[in-house]
Each structure stands twice: as structure tokens, then as C-alpha cells.
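Hi everyone, thanks for making time for this. Please have a look at the sequence and the model while I talk you through a few parts.

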Amino acid sequence: MAAAAPTEQEIAMGRAALHFLNRYDAAGRGRRMASWNPPSSGPNVAIDSGMQTLRDRSSDTVRNDWSGTSIVQNWATTLVGIAITPRFRRVTNKTRRKELNDLWVDFVKVADADGVLDLYGMQTLAVRSWIERGEMFARRRYRRPSDNLPVPLQVQLLEADMLPNFNSTAFQGMAQGSTIKSGIEIDRRGKKTHYWFYKEHPGDGALGVGGTPDPTGLVRVPAEDVIHMFEPKRIGARRGVPEMSPVLPRLRGINDFEDVTLERQKIANLFVAFISRALPQITDPTDPNLAALTGMAAELDDGTPLLPMKPGLLQELEDGQSVTFANPPEPATNYSDYMRTSHLGTAAGAGLPYELMSGDIRGVSDRALRVVMNEFRRFAQQRQWQIVIPMFCQRVVQWFAEAAVLAGKAQVSEIDSLIRVEHAPHGWEYLHPVQDVQGKKMEVEAGFRSRSSVVSESGDDPDVVDQERADDATRERQLGLPVTGTPEGYVDPEAEPDPEEDTEDAGPTPAQQVADAARQRASAVAAQQKAERAEAAAREAREQEIHQTMLELLGMQVDG
């Protein structure tokens, strides 16, 4: 029997049920969500449509707002600190490693093509530009041997504005089959091959910003000679956006609120008093001896000035006069709470702890601050090892290695060891100096980590630290001082004996100490073995006794 066809009411109920099944509230079109209609923009369209405006507003905030300056400064300090330095650990020969380190140090001093900063200062400026403008570029500049540089290489930093944001399928000077997207030339396989940079900063000249630029004002730079440091927020994004993009509207509103509150307080400081008088009834308006305004006998001004206002002054008023004082607005009682709450969101949007961005640590315990800082440092390390080091630091090291080989300062066989460096970021300061050091000491003593890892974590080179310790120990022995860093009770075998000390009362020599320790260990092992043998004999005796008892029980059962 065929099933009956559904009625119109059942069909409507089924459609209504499907309408509400398996749906997120955020995907609804009800009263709450009806006005929320975001566009389905791709990763690059979302950036391209407002990139320049975001950059300009971000830089204006950094120039004129303390919170913007704090965000950029704190991120630059956290990610770079003093410097992110390379260590050529792959070079096993210490003499050769020192030569390469010296060559690197010489290069660091003259690495800036603009001749302003050294390489480590350029790291800070690069991070500042990335956070403020959303991205930054660096260009490898080859130099002549006559320039007398350690290696024929310098690095030129470029702001994000130096790469025009335009698309083209046919541009003068572009390779056939390639396209330009967001100012980057891409071949048929989707590989970035060239960057099209302005010859001058568009904000400093008459080139202007936006639109398709004039090819004569651009220079085509191979991708292998360009560093492009940015943090992609979506898969496929070709350009970066400023760090403060999500919080720029909030910062603008906070500034407006602060300006309004300041003007309100200025108005409140305008203390004004108004004098009013009651006009009497004029008996004869035509009498020339009566004042037209008061109706009283006219008096001539004798030129005596009014008394100035002074504390405790009793001022007598004329008949019919009264004083009314202005009632200016009171100070905003919720000003500090509003500012603090608003900047909590600002700090969260910028990826910084509020206490670090604002310097306000009231009501925060050291334990709570440690939890906050540890989590923030995890985020900072993520950015160090995923963005700053691979995108900027490692590329500069690779350029340096190639230039050193070209200049004959390094062998071709050494280039792999030069490139595979160990980057060492600046170490974090202790949140609790005593507890932090004790915890690391316990980890080393328990074997959970090495002493070299502790030294490296602080940003120092373990080889340099060990050499410094050895030099200090040698100098302390020469001066007759106790060697620092030795455990309690340790006898330095290289220490010179005291000639005035009685040899009969002197303690055991280092060799005697070793022999005594060996005897003690041997005695302890022998005693342990003797105890184990005694325990085994007792266990065997008990087993034999149990066995004999079982046999006797079995014999009784057989007899019965």
C-alpha cells in the first residue's frame, strides 16, 4: 500500500525543522544577526582594500598616542632585546670559529647600507617597522672590493610603502608569462621571482600612493635579494597588516573620551559668580535726580576700585543685590575605570599583557604576574622562531656566508657550516631571581637539562662563559683567592699548598681523597652484597621449611 502524500502543513513544518537544525547561532539571520553582513573577501582583497589607510592610521597612533608607542616599543624590546646573535657551532675548530666570529662582528658594524645603525640595531628597527606598518623589506646590496668592507655586502632596510600595492598582467620589464600581484612578480608556477620597489619613498616625493605606478619610477629586484618579513594572518596572504589594526577604532574612541573629559575639567575650572539685583518700583520716571535703572537717587562714581576677592573677605552688597555662583560639571567619577577597562582590551588586541603595556601593576601579585609573563613569553618565542629568526636573521646570515665565500674569507666547504648557525635571542630577565636560579640549579643537578642549555637560555655563549670561568679561576689561584663556582668541600688540585701549614695537621691530599672515596664505595658495595646473600639464604630456608611442611601434610593424608 503506497504511503499517503504529505500535506502542505507537514511540508511547512518539515521545512521549518530543517531551517533550525544543525545551525550555529552566529550563522542565523534572526533579529540579533540581521544587521551583521560581512563580505566574503579573500585574504588579499581584505588587505588590499584598506592597506594604506591602516598603515597611515597606525603610524599616526604611534606618533601621537602613548599606547601606540608602548605597543611598538614593547614588542621590539621583547622580540630583539639587545640582539639575536648567531653561533657557528658547526665549525668544530676553535681557532677557525674565532676567526669567523671576528669576521661576523666586523660585518655587524658596517652592515647598514644607510650607514646609521649596526646590524643589531637594524633588527630592532625591522621589528618596529613590521609591528607598526604590518611588514618590512630588506634588500641585499652588493659592494665592490674597493669599498674595503669585511665582506662585499650591506643590507638596506625598506618600509612597507616602498613596495607599491598593484596588480598587473602586462607590465613593462616583466617576464613573459608572469603576473604582478600586490607588487610581487610571480611566475607561472606561483613562485615569487621579483619585487617591484619604488626608487624613492612615495611619501617623501611627488610619486603619490595608490594606483598603478610609473614603470620608470620602479626597480625590479630578484626575490633572492629581498627579505620580506610579515606575519600572514590568513593562508595565501601576500602582504601584512599593522599589529594595531583590530584596536585602532578603540584607541580613537579612547582618545576622544579623554579629550572630552579634559575639556570638561577645563570648563569646571571656570569659577564664575553672577550678581543679580531686584529693581524697585520707579515713582517718577521723569525725575532727573533718580537713576533710570534703580529708581534711587543718582550717585556719582568717585573712582574707588572694587575690593579684590581675598580669603575671609566680607563684602557688603547694595540693597536688592544677590550673588549666584555657577554650577560647573563635576569630574567624571568613572574616568579611571573606563580608561583601564578600555586599555585592557587594547593590550589584549595587541598581544601584550596590560601590565606591560601600561605599567599599571596595582592589585597584581607576583605569582599572577609570573603566570601572565610566562604565557606572554611563550607567544613572544613563537614570533621569534617563526618570523624574526627565519625571515630576517637567517637570511642575513646566509647572505653573509655567500659574501664571505665570494671574498675568499671562507672556503666553499665551510658555507654549509656557516649557514647552519644556532641563533641565540636575548635572554629573559628573572621574574624571581632567587627562585628562578635555584630551580635551574636543581634541574641541572638532577640531570633534567644541561648547564649549557641554562647558559644559552640567558643569551650567553656556553663556550665563552666556560673560558671566562677558566680565566677567572687562573687569576684567583695566582692571587691566592678561593676559586668561585666550586662546590662546598671541594679541594682544588691545582691550588698551591700553604708552606706555613703544619704537614702533620694537614688534611688528606687530593690523591688520598680519591683513594678514600674508592675504599668507601668498595666497602659499601661489599656490605650490600653480604646483605643480599644473607637475605637470599633466609628466603631459601623459608622455602625449604614450607616445602617440608607440605610433604608432612600430604603424608598424613595418605596414611589416613
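What should the 15 residues of helix α6 span at 1.5 Å a residue, and how far apart are its end C-alpha atoms? Before the answer, a word on the model: it is predicted, so to speak of local features we need pLDDT of at least 70, side-chain atom pairs count only at pLDDT 80 or more, and totals for chains, interfaces and linings use all residues. Residues are numbered from 1 along each chain as its sequence is written, and side-chain values use heavy atoms, with hydrogens and water left out.

Now the answer. Helix α6 covers residues 119-133 and should span 21 Å; its end C-alpha atoms are 20 Å apart, which agrees. The expected span is 1.5 Å times one less than the number of residues. Helices here are DSSP runs of H or I with at least four residues, strands are runs of E with at least two, and both are numbered from the N terminus.

Is α6 enclosed or open? Eleven of its 15 residues are buried, so α6 is largely enclosed by the rest of the structure. Buried means under 20% relative accessible area, exposed over 50%, and partly exposed in between, with a 1.4 Å probe and protein chains only. Among the buried residues of α6 are Ala126, Val127 and Trp130. Just after the helix, glycine 134 has a positive phi of about 95 degrees.

Let's move to the core. A nonpolar core is a set of buried Ala, Val, Leu, Ile, Met, Phe, Trp, Tyr and Cys residues joined through side-chain atoms within 4.5 Å. The largest one has 59 residues, and Val127, Trp130 and Met229 are among those with the most contacts inside it. Helix α10, residues 366-406, gives the most to this core, with 15 residues. A second, separate core of 18 residues includes Leu158 and Phe166.

Which residues does methionine 229 contact, beyond its neighbours within four places in sequence? They include Val127, Trp130, Met136 and Phe392, where contact means heavy atoms within 4.5 Å.

Next, the strands, which pair if DSSP finds at least two bridges between them. Strand β2 (residues 135-142) pairs with strand β8 (residues 226-230) in the antiparallel sense over five bridges, and alanine 138 has isoleucine 227 in β8 as its bridge partner. β2 also pairs with strand β3 (residues 153-159), antiparallel over seven bridges; there, arginine 139 stands opposite glutamine 156.

Finally, glutamine 394 lies in helix α10. At 19% relative accessibility, glutamine 394 counts as buried.
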